[in-house]
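I opened this notebook to keep track of what I looked up, one topic at a time.

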Amino acid sequence: MATPILALTGASNPTIQSLLLTSARRWNHAGRRIVGVVEVPSSDGIGHRLKDLATGAQYAIYQELGSGSEACQLCGSGIIEACESLCRQIAAGCDLVVISKFGKLEAARSGLIAAFSAAIVAEKPIVTAVAPSFVEAWQCFAGPLSSFSAPEEAAIEAWRSMREAKDYKI
């Protein structure tokens, strides 16, 4: 049975983000309306940004705090902007939601958690990534709505095809 959420785990973040981006592009070309964000390298080569799959907008997710800083470098305002945009896009309608990952902020019920929730409420399927260190928090959040998969194109396509064949909703 295809769960409404597919969580990829078992590879590096850049590998999974690249796979999410490639899959989203393929589904878009096949006529499906995909909304979401993936993590991409910044154009300056320093850090990463969230790229909106529908609009192409990019949001800062890291802030430069200077050498010696031990504070968290995540950029809250960029993540909030990305999340708000994604929630609006989900509400406007889509076939599938791609969310870069469930990580540190989401485990603390911040970051992109509202986008995850909006997709669940709208009964839209979600593809995301979950690092091993956040699996327990993910399972508390998503429970039986989610299944895990290795980040392999064939596994993702099998999940998507099964969902479309059954028109399965959350």
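I looked up helix H1 (residues 13-29) and found that Ile16, Gln17, Leu19, Leu20, Leu21, Ser23, Ala24 and Trp27 are buried, where buried means under 20% relative accessible area with a 1.4 Å probe and protein chains only. Helices here are DSSP runs of H or I of at least four residues, and strands are runs of E of at least two, numbered from the N terminus. The model is a predicted one, in which local features need pLDDT of at least 70 and side-chain atom pairs count only at pLDDT 80 or more, while totals for chains, interfaces and linings use all residues. Residues are numbered from 1 along each chain as its sequence is written, and side-chain values use heavy atoms, with hydrogens and water left out.

Just after H1, I noted that glycine 31 has a positive phi of about 95 degrees.

Next I turned to helix H4 (residues 113-121), whose buried residues are Ile113, Ala115, Phe116, Ala119 and Ile120. Down the axis of H4 these buried residues fall within an arc of 165 degrees, so they line one face of the helix; the arc is that of the directions from the helix axis to the C-beta atoms. Just after H4, glutamate 123 takes a positive phi of about 60 degrees.

I then looked at isoleucine 126, which, leaving aside residues up to four places away in sequence, touches Pro4, Ile5, Leu6, Val97, Ile99, Phe116, Ala119, Ile120 and Trp159, contact meaning heavy atoms within 4.5 Å.

Note on methods
Buried < 20%, exposed > 50% of the residue type's maximum accessible area, 1.4 Å probe, protein only. Expected span 1.5 Å × (residues − 1).
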